[in-house]
Amino acid sequence: MSNGEEMRAGQVLVAGGTVVDPVKRTQRRADVLVRAGKIAAIEPQLRSKVKGVAVIDASGQVVAPGLVDMHVHLREPGFEYKETIATGTRAAVAGGVTALACMANTRPVNDCPAVTRYILERAEAAALARVYPIGAVSVQLAGEQLAEYAGMHEAGIVAVSDDGMPVMDAELMRRALECARMFDMPVIDHAEDRTLAAGGVMHEGAVALRLGLRGIPSAAEDVMVARDVALAGLTGGHLHVAHISSAGAVEMVRQARAAGIHVTAEVSPHHLWLTHEAVEGYNTNAKMAPPLRSVEDRQALRAALADGTIDTIATDHAPHHRDEKDVEFDHAANGVVGLETLLPLTLRLVEDGLLDLPTAIAKITSEPARILRLPAGRLEVGVPADIVLIDPTYEWVVSSATLRTKSKNTAFEGWTMRGRAMVTLVDGRVVHDERASGPAAATASA
Amino acid sequence: MAMLFERRHLLGLEGLSAEEITFLLDTAESFKEVSEREIKKVPTLRGRTVVNLFYEASTRTRTSFEIAAKRLSADTVNLSANASSASKGETLTDTARNLAAMRPDAIVVRHPSAGAPHLLARHVDCPIINAGDGAHEHPTQALLDLLTIRSHKGQIAGLTVAIVGDLLHSRVGRSNLFGLRTMGARVRFVGPPTLVPPHFAELGAELVNDLHEGLRDADVIMMLRIQRERMNGRYFSSLDEYSRLYCLSVDAVARARKDVIILHPGPMNRGVEISSTVADGPYSVIMDQVTNGLAVRMATLYVLVGRRREVEVEETDTAAPLRRAAAAE
């Protein structure tokens, strides 16, 4: 390869950082050499060995694989006023997320290959984070007939889910698990019994009673997880429980796994950090489905994350326009944005002593990649150079005014965060540089 | 009078101190007399505008607020959900901003969604009075209940109050729970498990399913209105079934203390939650409640609107603090 070709291909050395390998669960001082968009070497003291490369100084920083968020609502097509694939992936890379899976509840619903291809084309045009579409379980999310799994799989979906519209028909869920299994895809379960949750707007408990708001009992989640665990056992399919929120559901996942049933689970940062008390004052940015639950539930979620019952942290990034939140609590839209706060809220678990750093990183890189069978979330020679440089001591205050996502519905407004994605690379290309506060190739020449 | 109520709005009784509640009750007591006069009007709120913004049907509460405002010489405007732009799809926030632009001095709001008055309070400058928000609170109703209880019993602390009915959906039940507990009363919630969920115990209520058990030695019985449309076979199989277990009969009243008083926020379903014999009987103080309602609403308007003006006037009178300082010496 000639020198000119090497320049075009781009050689970058990420030098002087602490490299975290989430698969081996190790951390060590090393430099990372990127060549032609792939990781060419991970070794200590590479700086003296390679010449003529652009150098990104990573001293004092953690170097990790780009984060993987397996639960994102990008809203395009159909709800571009909330978020677009461009603004969503912009927010993603600003938060260190280089790969994400996006939910099917767009308009039109991603229940056919044409919509899948549209999403992928838009993602390619945005050229920021990698986007992996999730197809619908059922046509129109109506819960009646299966969507086109074969066609969508060929077009690029990595899982199926009727997220937001729980599948109430047990027989349909059974068939979904059977069919998704043919394509080695998980069925992602928004586990909420709609008859028990009907009309509810927050967790059923003393806070809901005090505020006069209708509650959703934890049992709404428990009965659905129980049902779907049984169906996963019946079919041999892969059940993935999205945004698990109740202590009861966590225990059922634990037992199912002990019994050898293929069940995985994710938890959202807001369920790890907030409880139903956050609704106080009719705070619509604390309204989500499933709802924020009790302190005991939160404790169970953390314990399950630590013992591995919960595999991954996924944001359930759910942008909504201000007008959909600045209304009566009963009428407010469900969900909060999360892409830009995933990293610091995960690092906070390390500060709390719940997880060690490599495990925490694994929960937002290699683990979700394993669940969705993605070629992402690893830091190894030969893989695409999707890398995030993290300053673990960087303090910043969450402000909806400075978030990159198009919508501003964060549940963490005003929180002081520690840790931030300083530089994000996808295919070896700098797609976010916090040091310059914008996406620029701010690399120093060596 | 000392400044005992510094709040801008009356959104609920939760969080109010016993001193604040007592102050509102004392103020209401002093307004009772106005309604006894031949000319039932005082100039306290002359030139002030009170908007009644009602997103739910209400005759009694709205009329009570309107008469209260008029007896204080305020101008009143009634907006009901059908007449306002709510049916045209305007958001509550926009309605609030539009009203605010007309510079009302207070907005009395009733809304089917809990927290709607709180949302309004974030978007307008003037005092907001909650006249009932979903299943959350109905503070002036509870204040009038407290006033009624206090005037019959002398004090509230130490009393046992049994509240019977659909507590799950009742804003009257909640406001009374908060107010009564703050004032030192014991509160029993009495009703079927579907309408008296266990988490109410965490809010300080004692929960009893059996009516006769729940009324034992009660000083006060408060019957809640059963919403016929809610008895759809989900919470209870039928109105008849409900009535069989929870209708307040003479027999049931006998379980309570001899000097028990019986309240009902109205409108009553005679023969469903309360028998006519009891409703019209000697223990019933239901008509006192209506009279006290007027006094409580006058007091609320006075405290939030009228007295505020006095404070503002005083504040703009730059010499006032000097005079006060001199007087203190």
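Reply: Start with burial. A residue counts as buried if 20 or more other C-beta atoms lie within 10 Å of its own. Keep in mind that this is a predicted model.

Me: Which residues of helix α4 in chain B are called buried?

Reply: In α4 (residues 116–123), A116(B), P117(B), H118(B), L119(B) and L120(B) are buried. Each therefore has 20 or more other C-beta atoms within 10 Å.

Me: What covers the buried residues of α4(B)?

Reply: The cover includes α3 (92–101), β3 (106–111) and β4 (128–133), again from chain B.

Me: Which residues touch the most other members of the largest nonpolar core?

Reply: They are V160(A), I107(B), V164(B), I221(B) and L301(B), in a core of 247 residues. Helix α11 (residues 286–316) of chain B gives the largest share, 10 residues.

Me: What does I221(B) touch, leaving out residues up to four places away in sequence?

Reply: A162(B), V164(B), L215(B), L248(B), A256(B), V260(B) and I262(B). They are called contacts because the C-beta atoms lie within 7 Å.

Me: How many residues does each chain bring to the contact between A and B?

Reply: Chain A brings 15 and chain B brings 22. The chain A side divides into seven nonpolar, four polar and four charged residues.

Technical notes: Residues numbered from 1 in each chain as written. Chains lettered and ligands numbered in written order. Predicted model: local features only at pLDDT ≥ 70, side-chain atom pairs only at ≥ 80, totals over all residues. Contact = placed C-beta atoms within 7 Å. Nonpolar A, V, L, I, M, F, W, Y, C, P; charged D, E, K, R; others polar. Buried ≥ 20, exposed ≤ 12 C-beta atoms within 10 Å, placed from the backbone. Helix = DSSP H or I, 4+ residues; strand = E, 2+ residues; numbered from the N terminus. Core = buried A, V, L, I, M, F, W, Y, C linked by C-beta atoms within 7 Å.
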